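Colleague: Could you take one part of this model and walk me through it closely? Please give the cut-offs as you go.

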Amino acid sequence: MELNDKQREAVTYGQGPLLIVAGAGSGKTKTLTSRLRYLLEHGNTPEQVIAITFTNKAAKEMMHRLSDVGMKASTTSLLGQAPFIGTFHSLGAR
């Protein structure tokens with residue numbers, strides 16, 4: 001995936017929580033998906049990863065993009081074989 005400098009900086013940010021805030025059409029979903037792949041490819045286990053979005057559409061798109069590269073994600077599991085991807089509301093409901 002081609003990323004600009006700011007996106008690459010977010011994707012390769014060190015360990016710990018990361019908040020990405022940007023306007024519509026700026027590549028947030030691509031950046032977050034790339035970050036998830038980066039974390040999982042660099043030794044993090046799925047249960048260590050939670051991706052929170054504002055919309056179900058974005059969460060589904062992120063899961064679709066991960067599945068396209070052979071990685072799993074889930075909107076239901078917080079501890080399991082796939083990282084959790086969902087909205088603030090769905091995380092709270094869990």
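Modeller: Val11 belongs to helix α1, which covers residues 5-11; helices are DSSP runs of H or I with at least four residues, strands are runs of E with at least two, and both are numbered from the N terminus. The model is predicted, so local features need pLDDT of at least 70 and side-chain atom pairs count only at pLDDT 80 or more, while totals for chains, interfaces and linings use all residues. Residues are numbered from 1 along each chain as its sequence is written, and side-chain values use heavy atoms, without hydrogens and water.

Val11 has a relative accessible area of 6%, so this residue is buried (buried is under 20%, exposed over 50%, partly exposed in between, with a 1.4 Å probe and protein chains only). Leaving aside residues up to four places away in sequence, Val11 touches Leu3, Thr31, Ser34, Arg35 and Tyr38; a contact means heavy atoms within 4.5 Å. Ser34 is 23 residues from Val11 in sequence, yet their C-alpha atoms are 6.1 Å apart.

Thr31, Ser34, Arg35 and Tyr38 are among the contacts of Val11, and α2 spans 28-41. Along with β1 (50-53) and β2 (84-87), α2 is also part of what covers the buried residues of α3. Those buried residues are Ala58, Ala59, Met62, Met63 and Leu66. They lie on the same side of α3, because their arc around the axis is only 135 degrees, taken from the directions from the helix axis to the C-beta atoms. An α-helix has 3.6 residues a turn, so residues three or four places apart point the same way. Exposed Asn56, Lys57, Lys60 and Asp68 sit on the face of α3 turned away from the buried side.

α2 also contributes six residues to the lining of the largest pocket, the most of any element. A pocket is an open set of points on a 1 Å grid over the protein atoms alone, where a 1.4 Å probe fits, with protein on both sides within 12 Å along at least five of seven lines; lining residues have an atom within 4 Å of a point. The largest pocket holds about 690 Å³, the space filled by probe spheres set on the points. Its lining has 26 residues, with Leu18, Ile20, Leu32, Ala51 and Ile52 nearest the centre.

Helix α1 returns at the second largest pocket, where α1 gives three residues, the largest share of the lining. This pocket has a volume of about 180 Å³.
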